[in-house]
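Hello,

Here is the structure I promised to pass on to you. Have a look at it first, and then read on for what turned up in it.

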Amino acid sequence: MIVGDLRYMSPEQAAGRHDQRSDVYSVGVVLYEMVMERAFSPTSMAALHETLSRASTVPPTLAAALQQAMAPEPAERFA
């Protein structure tokens, strides 16, 4: 049984596998929504880098941290 909102689940959590890096992904999604002032859609994952780089209000270091927190592969996220 999966409990939670799919919009905030990491890809591996939706598949039934997860660890603390899944939480990092979820926090990244919430922070993305706060910074960008819009909902995150997993379908926009491919455009994440482009979207953040075009947002003039997002400092480059914050954009890089968001990209790392929301990396599709758990090994690429913060430990």
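Glu12 touches Arg17, His18, Arg21, Ser22, Pro72, Pro74 and Arg77, not counting residues up to four places away in sequence; contact here means heavy atoms within 4.5 Å. Please keep in mind that this is a predicted model, in which local features need pLDDT of at least 70 and side-chain atom pairs count only at pLDDT 80 or more, while totals for chains, interfaces and linings use all residues. Residues are numbered from 1 along each chain as its sequence is written, and side-chain values use heavy atoms, with hydrogens and water left out.

Glu12 sits in helix H1 (residues 11–14). Helices (H or I, at least four residues) and strands (E, at least two) are DSSP runs, numbered from the N terminus. With a relative accessible area of 6%, Glu12 is buried. The cut-offs are under 20% relative accessible area for buried, over 50% for exposed, and partly exposed in between, with a 1.4 Å probe and protein chains only.

One of the partners of Glu12 is Ser22, which belongs to helix H2. Ser22 counts as buried as well, at 1% relative accessibility. Apart from neighbours within four places in sequence, Ser22 is in contact with Ser10, Glu12, Gln13, Arg17 and Arg77.

Now to the overall picture. The protein has four helices and zero strands, and its elements run α-α-α-α from the N terminus on. Its radius of gyration is 12 Å, close to the 12 Å that the globule rule gives for 79 residues, so the protein is as compact as a globular protein of that length. That radius is taken over C-alpha atoms, and the rule is 2.2 Å times the number of residues to the power 0.38. Along the principal axes, the C-alpha atoms fill a box of roughly 40 × 25 × 20 Å. Buried residues make up 33% of the 79 residues. Of the contacts between residues at least 6 apart in sequence, 38% join residues at least 24 apart.

How do H2 and H4 cross? The axes of helix H2 (residues 20–36) and helix H4 (residues 60–69) come within 8 Å and cross at roughly 140 degrees. That makes H2 oblique to H4: angles under 35 degrees count as roughly parallel, over 145 as roughly antiparallel, 65 to 115 as roughly perpendicular and the rest as oblique. The axes are lines fitted to C-alpha atoms, for helices over the stretch in contact, with angles from 0 to 180 degrees between N-to-C directions. Val24, Tyr25, Gly28, Leu31, Tyr32 and Val35 in H2 meet Leu62, Leu66 and Ala69 in H4. By class, this contact has eight nonpolar, one polar and no charged residues. Ala, Val, Leu, Ile, Met, Phe, Trp, Tyr, Cys and Pro count as nonpolar, Asp, Glu, Lys and Arg as charged, and the others, Gly among them, as polar.

Two more residues deserve a look. Glu37, in the loop between H2 and H3, has a positive phi of about 55 degrees although it is not a glycine. At 71% relative accessibility, Glu37 counts as exposed. Thr51, in helix H3 (residues 48–54), is buried at 15% relative accessibility. Leaving aside neighbours within four places in sequence, Thr51 is in contact with Tyr32, Met36 and Arg38.

Best wishes
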